[in-house]
Amino acid sequence: MAAITSAVIAIAGVILGWIAIEIACKPCLEKGREAIDRSLNPDYDPDDDLQAPLNPNPDPQSHPGITHN
């Protein structure tokens, strides 16, 4: 009977520890799980997530590398 009690206490401790880690690290774990889901999704295109503009200098008259004298 003591072995069963010890096993139940150990299992309960592992479960409570797992729950504590899930609660404490929730934001980090969610980002990781989202990244895993995206990498396993065959329809996901990483190019769709680009936030920066492809042309950072929209003015065609000014070229940053060319100086006019």
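Arg-33 and Glu-22 form a salt bridge, with their closest N and O atoms 2.8 Å apart; the term denotes a side-chain nitrogen of Lys or Arg within 4 Å of a carboxyl oxygen of Asp or Glu. The pair joins distant parts of the chain, Arg-33 lying in helix α2 and Glu-22 in helix α1, 11 residues apart. The structure holds one salt bridge.

The model is predicted: local features require pLDDT of at least 70 and side-chain atom pairs pLDDT 80 or more, whereas totals for chains, interfaces and linings use all residues. Residues are numbered from 1 along each chain as its sequence is written, and side-chain values use heavy atoms, with hydrogens and water left out.

Accessibility of the two partners is given below.

| Residue | Relative accessibility | Class |
|---|---|---|
| Arg-33 | 42% | partly exposed |
| Glu-22 | 22% | partly exposed |

Buried means under 20% relative accessible area, exposed over 50%, and partly exposed in between (1.4 Å probe, protein chains only). Buried residues make up 0% of the 69 residues in the chain.

The secondary structure comprises two helices and zero strands, taken as DSSP runs (helices H or I, at least four residues; strands E, at least two) numbered from the N terminus. The axes of α1 (residues 2–24) and α2 (residues 26–40) come within 5 Å and cross at roughly 85 degrees; axes are lines fitted to C-alpha atoms over the stretch in contact, with angles from 0 to 180 degrees between N-to-C directions. The two helices are therefore roughly perpendicular (65 to 115 degrees). Their contact (heavy atoms within 4.5 Å) involves Ile-21, Glu-22, Ile-23 and Ala-24 of α1 and Lys-26, Leu-29 and Arg-33 of α2.

Key. Parallel < 35°, antiparallel > 145°, perpendicular 65-115°, else oblique.
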